[in-house]
Amino acid sequence: MLKFIHLEQIDSTNAYLQRQQSECDIRNLVVSADEQTAGKGMGSNGWESEVGKNLTFSLALEVNFLPAERQFLLSKAVALGLIHALDTLLPEEKLHIKWPNDIYFENRKLAGILINSTIKANMMDVSIIGIGLNVNQMQFQDWPTHPISMKQITGKEYDLQPLLEQVAEQLLIKVEQLKSFPAAIEQDYLKRLYRYRTWADYEVDGKKMRLFMTGIDSFGRLQLLDMDNNSYCFDIKEIKFLI
Ligand code: BTN
């Protein structure tokens with residue numbers, strides 16, 4: 001059973017749960033906010049969202065069945081949970097997971113995921129799964145990710161609370177599935193992976209490269225081939241998608 005808390009304003013819902021972790025049991029707690037004053041994105045980026053227009057929330061789950069070295073599996077399960085919740089509301093064939101775990105609608109970013117985990121004796125412990133989903137916002141700054149919202153796609157206004165509950169439930173289901181069917185998560189992730197088994201342009205060390213995406217290794221690194229069949233493996237900071 002998930003428990004929901006809604007805050008009007010907070011620095012970051014991930015940071016809030018991280019602070020709460022030493023005070024109380026945060027497992028299965030979902031914290032959402034109308035406004036984050038210091039929302040965090042991947043890397044050292046921030047996360048911007050117009051007040052009260054989008055879903056910005058974090059969910060704390062116990063994932064102590066997962067070895068720390070396999071933590072990218074959690075990232076896959078979370079991206080799949082989010083995309084499955086969206087499949088029921090948006091044209092499914094246009095929704096993809098852009099490695100490592102952004103949700104894209106065609107070539108534009110619809111949602112981002114930030115996971116902060118604690119590790120105990122080489123096993124995962126509690127993970128704080130932060131989701132930023134663009135829902136009703138109609139204008140965005142000109143970010144390189146070309147953000148888009150659900151309302152921009154369908155023209156509909158969405159009630160945030162039922163949507164939050166639907167998404168959080170799907171996340172829980174997919175993380176549960178990870179316990180018994182990790183292979184299914186691996187397969188489903190590849191089925192929805194943006195640019196999987198296609199040629200596309202990337203930037204590596206400031207140089208444009210045309211590469212063919214072949215998969216993801218067990219550490220979550222992106223695997224690609226060039227025209228001469230040389231293989232490459234990249235971490236998040238080492239490659240940029242040219243979109
Ligand atoms: C990304 O850069 O793609 C990840 C964005 C994650 C944003 C969400 S919004 C709710 C939660 N709290 C944060 O501070 N960040 C995550």
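**A network of charged side chains**

Author: Asp25 and Arg27 are joined by a salt bridge between their side chains, with N and O 2.9 Å apart. This is a predicted model, and the distances below are computed from it.

Side chains of opposite charge can pair when their charged atoms come close. Through shared partners, the salt bridges join Asp25, Arg27 and Glu62 into one network.

Asp25 has a relative accessible area of 45% and is partly exposed. Arg27, at 34%, is partly exposed, and Glu62 falls into that class with 33%.

By the 4 Å rule the count comes to 16 salt bridges. One of the others for which a distance can be given is the salt bridge of Arg19 with Asp11, where the closest N and O atoms are 2.8 Å apart. Arg19 is partly exposed at 42%, and Asp11 is partly exposed at 26%.

Two elements already named, H1 and E3, lead on to the ligand. Helix H1 (13-20), strand E3 (55-62), strand E6 (108-120) and strand E7 (123-133) each give at least two residues to the shell around the ligand. E6 supplies the largest share, four residues. By class, this shell has six nonpolar, eleven polar and three charged residues.

Of the 20 residues around the ligand, the nearest are Ser12, Gln36, Lys40, Met42 and Lys109. An N or O atom in the side chain of Ser12 is 2.8 Å from a ligand oxygen. Gln36 places a polar side-chain atom 2.9 Å from a nitrogen atom of the ligand. For Lys109, the polar side-chain atom lies 2.6 Å from an oxygen atom of the ligand. The ligand taken alone exposes 410 Å², and the protein buries 98% of that.

One more part of the chain deserves a place in the picture. An open sheet of five strands runs in the order E11-E10-E9-E8-E12, with antiparallel pairing. Strand E11 (231-234) and strand E12 (240-241) stand at its edges with a single partner strand each, so one side of each has no neighbour in the sheet. Strand E8 (residues 199-204) and strand E9 (residues 207-216) pair over six bridges in the antiparallel sense. Ala200 stands opposite Leu211 in E9.

Methods. Residues are numbered from 1 along each chain as its sequence is written. This is a predicted model: local features need pLDDT of at least 70, side-chain atom pairs count only at pLDDT 80 or more; totals for chains, interfaces and linings use all residues. Side-chain values use heavy atoms; hydrogens and water are left out. A residue is near a molecule or strand if one of its heavy atoms lies within 4 Å of it. A polar contact is a pair of N or O atoms within 3.5 Å; within protein, one must be able to donate a hydrogen and the other to accept it, and residues adjacent in sequence count only if both atoms are side-chain atoms. Accessible areas come from the Shrake-Rupley method with a 1.4 Å probe; for residues, only the protein chains shown count as cover. Ala, Val, Leu, Ile, Met, Phe, Trp, Tyr, Cys and Pro count as nonpolar, Asp, Glu, Lys and Arg as charged, and the others, Gly among them, as polar. Buried means under 20% relative accessible area, exposed over 50%, partly exposed in between (1.4 Å probe, protein chains only). Two strands pair if DSSP finds at least two bridges between them.
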